[in-house]
Amino acid sequence: MSIISNLMKKALIIAFMALANILVTNAQKRIELTSDIPYRTGESKSWVLDIASPANFGEEGLRPAIVIVHGGAWSAGSKTDAVYRDLLIYYALQGYVTLSVEYRFVQEAPFPACISDVKCAVRWLKAHAKELRVDPERIGVYGHSAGAHLSLMLACSADNKELEGDGPWQEFSSSVTCAAAGAPPTEIGNPNIPWAKHPEWWPIGYFTPKAAPMLILQGYEDPLVREKLTTDYVQKMQKAGWTAVKAENVDAPVFTDFPMTMECRILRKIDESEEGYYIVAEIVNILVDEKYLGEDGKPDVSKMGLIT
């Protein structure tokens, strides 16, 4: 059996065990899950999302939402992959309205169509916020790898109208409250690749004080998304007036065969409210070791060393 097959098998077993544990410990909670909701009409089958929300528990009024964006090198992957489905259900059981989004791969539509698609999905969410009981001022986004790139683009490029695409709901902003990104390609890093000639398609092209707070998780020895490029991005954000807080040696489960000493970096404006920051911390609850959780089961940032 190939290494990839073994890794996928291991990932599925871990995800299944985690989900089984969630269902047992939340036996009294019920969530509503709806799949393949179109966030825009048209010929593409990729313009769909899944949504899960608390049915018999949670906040009385408007609720925070988390948009989940899958990875896969902009050419593969799915919102139904085990780890993303697990996140969708897990956070719905914590009281969030959760969405998992599909987007067009580069085989179907060239860059920056994938960016425009996730922006359209966020605008759809805001257009339907009232009926979904979502607070449009409390929308966080999480993604890994290619999904992390798209998540950071949601955090930093709301003012670039050219990236909004030709989709509906243009009267709503595609901005988000905060973003969490695992192994995010902040730039291509190879000038010979055509995508690299468009900095407006990458977080490295936006050093703006208008960007949303971000949590970045980067492996020191990640062979695909190089730590050097992430560090360069963080340093340039610091020069643009952001505060970067670094926490090293945060344990996290990963489904890869290379060493992953995780490094967390939080970028946020000095005057940013703790509410926005807290949502970021809550998004990565499932990624951190239990020793970083408080007595209430939520991330304790004092234990994580994220605030000095």
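Colleague: Before we start, what should I know about the numbering and the model?

Modeller: Residues are numbered from 1 along each chain as its sequence is written, and side-chain values use heavy atoms, with hydrogens and water left out. The model is predicted, and local features need pLDDT of at least 70, side-chain atom pairs count only at pLDDT 80 or more, while totals for chains, interfaces and linings use all residues.

Colleague: How many helices and strands are there in the protein?

Modeller: Helices (H or I, at least four residues) and strands (E, at least two) are DSSP runs, numbered from the N terminus. Here you'll find 8 helices and 9 strands.

Colleague: And what share of the residues is buried?

Modeller: Buried means under 20% relative accessible area, exposed means over 50%, and partly exposed is in between (1.4 Å probe, protein chains only). Of the 308 residues in the protein, 53% are buried.

Colleague: Which residues have the most contacts inside the largest nonpolar core?

Modeller: The general idea is that in soluble globular proteins, nonpolar side chains tend to be buried together. A nonpolar core is a set of buried Ala, Val, Leu, Ile, Met, Phe, Trp, Tyr and Cys residues joined through side-chain atoms within 4.5 Å. The largest one here has 53 residues, and Leu49 and Leu125 have the most contacts inside it. Apart from it lies another core, of 14 residues, including Ala92 and Leu215.

Colleague: What is leucine 49 in contact with?

Modeller: Contact means heavy atoms within 4.5 Å. Leaving aside neighbours within four places in sequence, leucine 49 is in contact with several residues, among them Asp36, Lys79, Leu99 and Trp124.

Colleague: Which residues are linked with them in a network of salt bridges?

Modeller: The network links Asp36, Asp50, Lys79 and Arg85. Arginine 85 forms a salt bridge with aspartate 50, with the closest N and O atoms 2.8 Å apart. Arginine 85 lies in helix 2 and aspartate 50 in strand 2 (residues 48-54), so this pair ties together parts that are 35 residues apart in sequence. Arginine 85 is buried, with a relative accessible area of 18%, and aspartate 50 is buried too, at 0%.

Colleague: How many aromatic pairs does the count come to?

Modeller: A pair of aromatic rings is described by the distance of the centres and the angle of the planes. Rings of Phe, Tyr and Trp (its six-membered ring) pair if their centres lie within 6.5 Å; planes under 30 degrees apart count as stacked, over 60 as edge-to-face and the rest as tilted. The count comes to 10 aromatic pairs. Phenylalanine 111 and tryptophan 202 form a stacked one, 5.5 Å centre to centre with 25° between the planes. Both residues are buried. Phenylalanine 207 and tyrosine 233 form a tilted pair, at 6.1 Å and 35°.

Colleague: Where do phenylalanine 207 and tyrosine 233 lie?

Modeller: Phenylalanine 207 is in the loop between strand 6 and strand 7 and tyrosine 233 is in helix 6, so the pair ties together parts that are 26 residues apart in sequence. Phenylalanine 207 is partly exposed, at 31%, while tyrosine 233 is buried, at 0%.

Colleague: Which residues are buried in helix 6?

Modeller: An α-helix has 3.6 residues a turn, so residues three or four places apart point the same way. In helix 6, the buried residues include Leu229, Thr230, Tyr233 and Met237. Helix 6 (residues 227-239) is followed by glycine 241, whose phi is positive, near 110°.

Colleague: What does threonine 186 touch?

Modeller: Not counting residues up to four places away in sequence, threonine 186 touches residues including Leu229, Thr230 and Tyr233, as well as Trp202. Threonine 186 is buried, with a relative accessible area of 1%.

Key: A salt bridge is a side-chain nitrogen of Lys or Arg within 4 Å of a carboxyl oxygen of Asp or Glu. The expected span of a helix is 1.5 Å times one less than its number of residues.
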